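Reader: I've got a protein structure open and I'd like to learn how to read it. Could you take me through some features?

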Amino acid sequence: MRRLTTAQALVRFLTAQYTERDGERHRLVAATWGIFGHGNVAGIGQALLESADTMPFVQGRSEQAMVHAAVGYARQSRRLSAHAVTTSIGPGATNLVTGAALATVNHLPVLLLPGDVFATRPADPVLQQIEVPYAGDVSVNDALRPVSRFFDRITRPEALIPAALQAMRVLTDPAATGAVTLALPQDVQAEAYDWPEEFFAERVWRITAPHPDPGVLADAVRAVRAARRPLLVAGGGVHHSGAEGALAAFAEATGVPVASTQAGKGALRHDHPADVGGIGHTGTATADALARTADLVIGVGTRFTDFTTASGTLFQHPGVRFVNINVTGADAHKLSALPVVADARAALRGLTEGLRGHRVDAAYEAAYGKEKAAWEERVSAAFGAPDPGLPPTQAQVLGLLDELVTEDDILINAAGSLPGDLHKLWRARSADQYHVEYGYSCMGYEIPAAIGVSMAAPGRPVWALVGDGTYLMNPTEIVTAVQEGVPIRLVVLQNHGYASIGGLSEAVGGERFGTAYRQRTGPGRAYDGAPLPVDLAANAASLGMRVLRATTVGDLREALAEAREATVPTCVYTETGMPDTVSGPPAAQAWWDVPVAETAARPAAVTAREDYDRHVAARRRHL
């Protein structure tokens, strides 16, 4: 037996947990992020101090941002390693909710350790406690229940033993992983207990790769053989299972074209003959045209969200059927598909073997190859920067990065108009270069995620691409990057407003109301004056970043090259025009359902509703 506090026991337990896949072992919880307050400073804080040699600690500035950093780390680590996050009670705990939702939506593991109110209730209420008159056992931490894959409140030291084991099980379950919360009452954290030595023994959690049922796999093989125009949609599950090689082998053996979701982009290199780019509302013309005429759609590791299906309007072949390969049964059954509940790599290998000797028609292969080449010409046109003395468009910023990066670079983005431009235009050179969080599309994700990714991939250039709206949401972890010496590259595109939502507002008859960062011209007037006198570059510099300002295409090319070689956190700042300035890429190739007012007095909304009704009529229920 070993006498330790609950917090000491938890930290010691975490240092002995490992994952293993394909014979490689990884530390499961590699570090702990924290902001201390009265709910965790004397418990978890003291335990981390004692374990500084075995449990690395990272000091954060925003609770939500700490979770984003942990998620970035987990994604770059292919879910084989994760970070923990500890906070105080009250606002420290509730600030975790957004990050927890993002982790759970994206099936990425993160361990949350919020402090909680006293279990023994010596004083009730305590500072920052919300009283719930009808339930004495409820605290603000219960807000984390719906966004966590596993939740437990440790009201007695010995309750930690089963809870900690369950937490590790969920963190390492490919189908069930996400945010895991262990709420820790502050008195229980500091309470001593005699722990069995076995609790601290080294444990290895093997990441399983379920193989497909042979009968179901045979049905899938028959479906592909019968299809004349099959299309494969690669989702994030391809990356999570390390199935990129198996996907390439499948595409090369069969000639089936491969489109990708935001999470799946990079599953094939951009120059692979079978890669036809992003699919759905932010997809390429090539992929979306194939989707409209596909008679069989093979989904691999995708949730088939509304952006991917164009809100149910994309797959229009009268007899289209679906085969869904997914480790999660609920996703495998979507769209009335033939569900292949299995690991993506194992299923793709089985499918390739079963299809030995089968290949799509040569004319089909040649046709999509021609369309792929035509789309590449449109990408090059959008990236083009003929006059180095002009300010860049957003697409030209991406074009300059495209000239500069190698397969070592990693690009991170999450919200605004950039995800659409990136999905359509970016030429992914490696499996992990494209890191766009679009499951929750959370503004403020990029900067902290870049820190987490850099921790998981030291020495590689990591770029956080943000607009001014996203920057203002969450710049706090710039200080953490400076403190930890993490040389992230931040590219800030100043367009004076919410450009993406401004465009959407205009499309749905909202006339860009409330989307620009401009001054009011008078009481009650719209925000239609001059741009706000805000200097985001100066703000980044004040937080400790090295800042490079670029006003022209020529300046920007030099600044990006200098930033790539930087050894300290570096920001490249440029203006790309007002929100009503087009970014340059082709328009959306497929619809997205955002309901428009059915009755309205303003002509813009009336016209938008007429257009909406036309699109809605094309929606299909795949049964």
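Reader: Let's start with histidine 107: is it buried or exposed?

Author: This is a predicted model, so keep that in mind as we go. Buried means under 20% relative accessible area. Histidine 107 has a relative accessible area of 14%, so it counts as buried. Look for histidine 107 in the loop between helix 5 (97-105) and strand 7.

Reader: What is phi of histidine 107 near?

Author: Near 55 degrees, which is a positive value in a residue other than glycine. Phenylalanine 304 is worth a look too: its phi is near 50 degrees, again positive in a residue other than glycine.

Reader: Where does phenylalanine 304 sit, and is it buried or exposed?

Author: Phenylalanine 304 is in the loop between strand 15 (296-300) and helix 12 (306-309). Its relative accessibility is 8%, so phenylalanine 304 is buried.

Reader: Okay, on to peptide bonds. Is the one from aspartate 124 to proline 125 cis or trans?

Author: That bond is cis, and its omega is near 10 degrees. You'll find proline 125 in the loop between strand 7 (110-116) and strand 8 (150-153).

Reader: Now helices. What describes two packed helices?

Author: You give the angle between their axes and the distance between the axes. The crossing of helix 10 with helix 14 is left-handed.

Reader: Which residues of helix 10 and helix 14 make that contact?

Author: Helix 10 brings Ala246, Leu247, Ala249, Phe250 and Ala253, while helix 14 brings Arg345, Leu348, Arg349, Leu351 and Thr352. Sorted by class, the contact of helix 10 with helix 14 has 7 nonpolar, 1 polar and 2 charged residues.

Reader: At what angle do helix 8 and helix 14 cross?

Author: Helix 8 (residues 214-226) and helix 14 (residues 344-354) cross at roughly 55 degrees, and their axes come within 9 Å. That makes helix 8 oblique to helix 14. The crossing of helix 8 and helix 14 is right-handed.

Reader: And which residues of helix 8 and helix 14 make the contact?

Author: On helix 8, look for Leu217, Ala220, Val221 and Arg225; on helix 14, find Ala347, Gly350, Leu351 and Gly354. In the contact of helix 8 with helix 14, 5 residues are nonpolar, 2 polar and 1 charged.

How values were computed: Residues numbered from 1 in each chain as written. Predicted model: local features only at pLDDT ≥ 70, side-chain atom pairs only at ≥ 80, totals over all residues. Heavy atoms only, no water. Axes fitted to C-alpha atoms, helices over the stretch in contact; angles between N-to-C directions. Helix = DSSP H or I, 4+ residues; strand = E, 2+ residues; numbered from the N terminus. Parallel < 35°, antiparallel > 145°, perpendicular 65-115°, else oblique. Left-handed = near helix turned anticlockwise from the far one by under 90°. Contact = heavy atoms within 4.5 Å. Nonpolar A, V, L, I, M, F, W, Y, C, P; charged D, E, K, R; others polar. Buried < 20%, exposed > 50% of the residue type's maximum accessible area, 1.4 Å probe, protein only.
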